[in-house]
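Try each task before you read its solution.

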There are 2 protein chains.
Amino acid sequence: MYGSIPSSSMHLHKIATKLHLCYAFFMIRLPYLLTEDGICRLEGDRLFITDRRVYPFERVEVACSSAEEVAAALTAMVTQGGGPLEVALKALVLQARRKQGFERLQESAKLLINSRPTNTTMARAVDEVLMSVKESTALADDVEHSVRRILDRYEAIYHTIGKLGSTLIDDGDQILTTCFAEHTFILSLLYAQEAKKEVRVLVSETRPYLQGSRLTAPALAEVGIPVKIITDNMGPTMIASNLVQKYFTAADLVCLDGTVVNKIGTLSNALAAKHYGIPYYALAISPDSTKKTKEDITIELRDPCEVTQCLGKKTTLDGIDGLYPAFDIVDPDLVTAIVTAKGILHPRDIKEQYI
Amino acid sequence: MYGSIPSSSMHLHKIATKLHLCYAFFMIRLPYLLTEDGICRLEGDRLFITDRRVYPFERVEVACSSAEEVAAALTAMVTQGGGPLEVALKALVLQARRKQGFERLQESAKLLINSRPTNTTMARAVDEVLMSVKESTALADDVEHSVRRILDRYEAIYHTIGKLGSTLIDDGDQILTTCFAEHTFILSLLYAQEAKKEVRVLVSETRPYLQGSRLTAPALAEVGIPVKIITDNMGPTMIASNLVQKYFTAADLVCLDGTVVNKIGTLSNALAAKHYGIPYYALAISPDSTKKTKEDITIELRDPCEVTQCLGKKTTLDGIDGLYPAFDIVDPDLVTAIVTAKGILHPRDIKEQYI
């Protein structure tokens, strides 16, 4: 038993065991989707990625034999959120095992980074592996060790943030969330439960992709956290009706001035939280030091045909168009605090802590 | 050509023609769903009701041979919004034509009223017909005349509100709306167009029933008003991004203190309109004089299974529950003005105008 991270097929069990013993996460059981193997797993010469596009209706893994195939799977959104970080790192392990040399590894890294140009966390981690192995004479082993170190570091950060997040939760709280806030949110809830706090969750279904209904709600139900689904127009109503005590989300990006960028729908609930006087907490690994304010953000406009269908079924007549901005920009004055590995920070204190 | 109301099979053409000449609505063409025949039509001894549950994917009419069948269709939500008013009135015509006497007509009226207990507009209109024909010796003719008078009165009110609403629209506006705001909203847009104002609409899809995508967007496209669909989590984002100049909705109910009750999702956008400084206008026939404040409102909680499916397709795992409050309560301080047949009123002036 290695606590929250099931043993992968990476032959890194010993290192993992040591690290996990240090953190002593034994009581906390993550839902399948957030276990290391539930994101992706190496088996033989292939990487199997859990297909979040069809979850929870089908439990399908997409098998990739090369970094090229992994990059294509990432572009096709087989996994999302925190998934690409682990997938890209393990794709480097896959490539290194082929013993085709460092240049070939560099090419794979480039492909992986370009598969998701806005996922800078994944890009930074891939670059870190390249830097650490560039003089290596035992490339395959060194890549595996480097990848393991990075994954364990992230896991430690997730648990640190989860523990901090849990201190913001009071016994009896009903918490509203949007999209799939992954490890940091679910760990906040699990640590709150461990501290004998009763906690319930309302999750916004998160159209058009329904990450709330498909990923968050089944994940919470799996680990025994009471959850109900609402449609995306109901969050402010629940807050206004005193049915919600706190609003929690992840953050796709945090600017140095405390601006939070997160899945579309975050702003709507953040405005209601402010208006009706409940706190909004964003959970974030760290700010993006290249983004000072929202002026530095370009919001991705995705294919509007997603908005005019639901689970593949058309919701309107052909020829009627939609609009699909993928993310919200939430001004710092709407954010009560940002929970980072360095502590629970007021948005205006982010800059000082991270420069 | 009778302008917005196509000739029905009610043999009331002459009266209709006279009235329509008075109002001179010739330039305004309503979308099919809002034409009198597009809501329901009498043909022979049956009433055909357009089935809004499957619109626009199928154009189906539900045929009813008796007031009992009509009441069952209303309960089953074959039509909604303003639809039940016309349907119930024409069901009275159907019953009166059977020459079974006043008592039988009263029984039918009761059934119709009970089919939708919260639709007080429909109930009041049905009662009005009964009152006006209770001493009648030519019941069938008198019911037809009474019904025609009421329908024409409503049509006149719709046009009055539409003309007032159009004065709130500026050339080049992009207007956000929620659900299917029917005659008063679409007439506001059409009168604005007639006044050579360019106007575009963003419509929120309005989960769980998708009235925005299924009814509003096709109706607007049909009459040549540019429309795009957004998911329900995007309205505040569009307002924050200066892509929306005004927010318009219908109102299912207005309290005497100016509180607006409307489809779930209205509050979310009204909060954003207030925060970012754009006006929110509610279009309403009149306030409900039995409701003083929101304390007098009970919000209907509908079947939560609607929230965990979309167009009949499950959006999450079996066993995971939802919550479905059907309406929002919007405090008067979030409402810029209520457009009524008596004028464009500040919420605090409603009481004075209507008591």
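Predicted model: local features only at pLDDT ≥ 70, side-chain atom pairs only at ≥ 80, totals over all residues.

Residues are numbered from 1 along each chain as its sequence is written, chains are lettered from A and ligands numbered from 1 in the order in which they are written, and side-chain values use heavy atoms, with hydrogens and water left out.

**Exercise 1. Describe the extent of the contact between chain A and chain B.**

Step 1: Count residues. Taking contact as heavy atoms within 4.5 Å, chain A gives 51 residues and chain B gives 51 residues.

Step 2: Turn to area. The size of an interface is often given as the accessible area lost when the parts come together. Here the two chains bury about 4,100 Å² between them, with 69% of it on carbon and sulfur atoms; buried area is the accessible area (1.4 Å probe) that two parts lose on being put together, summed over both.

Step 3: Find the main contributors. On the chain A side, I229(A), N233(A) and L323(A) lose the most area to chain B, together 14% of what that side buries.

**Exercise 2. Work out which polar links and which elements make up this contact.**

Step 1: List the charged pairs. There are 2 salt bridges between chain A and chain B, a salt bridge being a side-chain nitrogen of Lys or Arg within 4 Å of a carboxyl oxygen of Asp or Glu. In one of them, R207(A) pairs with E205(B), and the closest N and O atoms are 2.7 Å apart.

Step 2: Between chain A and chain B, 17 residue pairs are in polar contact (both at pLDDT 80 or more).

Step 3: Assign elements, using DSSP runs for helices (H or I, at least four residues) and strands (E, at least two), numbered from the N terminus. Elements giving two or more residues to the chain A side include α9 (211–222), β6 (227–230) and α11 (266–276) of chain A. The largest share, 6 residues, comes from α11(A).

Step 4: Look for strand pairing, which requires at least two DSSP bridges. β6(A) runs parallel to β13 (residues 321–322) of chain B, with 2 bridges joining them. K228(A) has D321(B) as its bridge partner.

**Exercise 3. Is Q174(B) buried or exposed, and what does its side chain reach?**

Step 1: Q174(B) sits in strand β4 (residues 173–178) of chain B.

Step 2: Apply the cut-offs: buried means under 20% relative accessible area, exposed over 50%, partly exposed in between (1.4 Å probe, protein chains only). Q174(B) has 8% relative accessibility, so it counts as buried.

Step 3: Follow the side chain. The side chain of Q174(B) reaches the backbone oxygen of L243(B) at 3.0 Å.

**Exercise 4. Trace the salt bridge between K90(A) and E36(A).**

Step 1: Read the distance. The closest N and O atoms of K90(A) and E36(A) are 3.1 Å apart.

Step 2: Locate both ends. K90(A) lies in helix α4 (residues 83–97) of chain A and E36(A) in helix α2 (residues 36–39) of chain A, so the pair ties together parts that are 54 residues apart in sequence.

Step 3: Check the surroundings. K90(A) and E36(A) are both buried, and a network of salt bridges links E36(A), E86(A), K90(A), R148(A) and D152(A).

How values were computed
Polar contact = N/O pair within 3.5 Å; in protein donor to acceptor, adjacent residues only side chain to side chain.
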